[in-house]
Amino acid sequence: MNETFLQACRGERTGYTPVWMMRQAGRYLPEYQKVRGNISFLELCKRPELCVEVTLQPLRRFAMDAAILFSDILIPIEAMGAELFFHEGKGPIIASPCRDAETVGRLRIAPPEQDLPFVQETIRLLRRELDVPLIGFAGAPFTCATYLIEGGSSRFFYETKKMMFSQPRLFHHLMDKISETTILALRAQAAAGAQALQLFDTWAGILAPCDFEIFVLPYVQRVLRKLDDLDLPLIYFANNGATLLDLSARTGADVLGSDWRVDIGDAIAKAGRMAVQGNLDPLALLLPAEELKERIGRLLNGARDACGHIFNLGHGIHQLTPPDQVCLAVDFVHELSTR
Ligand code: CP3
């Protein structure tokens, strides 16, 4: 087992900087498209043997130092009782958004052994195949709440903020239920063999820091505290989180994810003794080879004083990215960081 990724998460010295990429499995790979040709995304997420195949696809092409479970942050949300659809090109849709006490009250705290057995099975199967660590994940409670309240993706998050500001007790109740489901889901992933856990807070960046502190931070802290005894690296990634780094450093995570809008040196300064993960602009993968190499070199250099650096993108790989560019980037990271 290549443990470089886990060592960097723990802040230990490594022979080179480990790299993986958010959304490293997915539509930019023709072999993924081929699997998806016969099956819907949601069905795919529930078929362990296909999830294993799709998780392994990027690892066959690129020298990634970690694998990430193939699933989706909305899978546990569906298990809570929300009716979930993925419409081609439109992203996720939740049929009956949760905007009042009744719909929030109906949500269940989903027991993963019963409701998400396919996730655990995927993890067990993957561990037999992998020689790099496997990352499990969940959506952070706030990001999950936005999908439940908005009924899908959103531009202004009107309904979410309306509930936060006009029915704060209901909002807290919803966050409470999602947090409990998330704790159970992540503990089940760890029990099945996940070796690190990441919380994706894709939409945290829409909030003022004062609201993040009241409505988001306590729940991330609770989730991570309830995972502490597992003794696995815990990663917190708030997309568009430049203004939230001080608060994100108080979540209790071991690794602070950072998007590309932040200078890596600033992220490291805020991270204190936490390791840092990030933060190449996903579209910088389109740079010509020499410029890509130079950009990666600058990032590695900027991170040389971190208490652990895991190279990653600042968000997921864009679907139009040529796979060969990903290959180049991974190899440049290894070449330029070998000590
Ligand atoms: O990183 C990986 O390779 C693991 C798999 C993974 C997926 N989704 C697969 C996926 C992970 C970690 C996620 C997380 C996820 N899902 C997030 C947080 C990360 C982020 O991107 O901010 C969010 C917000 C979601 C919700 C979600 N799922 C959206 C908004 C969409 C549509 C987006 C799009 O690109 O169209 C999905 C669908 C989805 N999840 C796809 C994949 C590969 C595309 C589905 C397809 O095949 O059509």
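How much space lies in the largest pocket? About 1,400 Å³. A pocket here is an open set of points on a 1 Å grid over the protein atoms alone, with protein on both sides within 12 Å along at least five of seven lines. Its volume is the space filled by probe spheres set on the points, which are joined across faces, edges and corners.

This is a predicted model, where local features need pLDDT of at least 70, side-chain atom pairs count only at pLDDT 80 or more, and totals for chains, interfaces and linings use all residues. Residues are numbered from 1 along each chain as its sequence is written, and side-chain values use heavy atoms, with hydrogens and water left out.

**The largest pocket**

Helices (H or I, at least four residues) and strands (E, at least two) are DSSP runs, numbered from the N terminus.

**The ligand**

The ligand takes up the space of the largest pocket. Around the ligand stand 23 residues, counted if a heavy atom lies within 4 Å. Arg27, Tyr32, Asp72, Thr202 and His315 are the closest.

| Residue | Protein atom | Ligand atom | Distance |
|---|---|---|---|
| Arg23 | polar backbone atom | oxygen | 2.7 Å |
| Asp72 | side-chain N or O | nitrogen | 2.6 Å |
| Thr202 | polar side-chain atom | oxygen | 2.6 Å |

Taken alone, the ligand exposes 880 Å², and the protein buries 89% of that. These areas come from the Shrake-Rupley method with a 1.4 Å probe. Helix H2 (30-36) and strand S3 (91-94) each give two or more residues to the shell. By class, the shell has 13 nonpolar, six polar and four charged residues. Asp, Glu, Lys and Arg count as charged; Ala, Val, Leu, Ile, Met, Phe, Trp, Tyr, Cys and Pro as nonpolar; the others, Gly among them, as polar.

**The second largest pocket**

This pocket has a volume of about 350 Å³. Its lining holds 18 residues, and Thr17, Ala303, Arg304, Ala306 and Arg339 are the closest to its centre. Helix H16 (289-302) and helix H17 (323-337) each supply at least two lining residues. H16 gives the largest share, three residues. The lining divides into six nonpolar, eight polar and four charged residues.

Definitions and conventions
A polar contact is a pair of N or O atoms within 3.5 Å; within protein, one must be able to donate a hydrogen and the other to accept it, and residues adjacent in sequence count only if both atoms are side-chain atoms. On a 1 Å grid over the protein atoms alone, a cavity is a set of points where a 1.4 Å probe fits but cannot get out, and a pocket is an open set with protein on both sides within 12 Å along at least five of seven lines; lining residues have an atom within 4 Å of a point. A molecule sits in a cavity or pocket if more than half of its atoms lie within 2 Å of its grid points.
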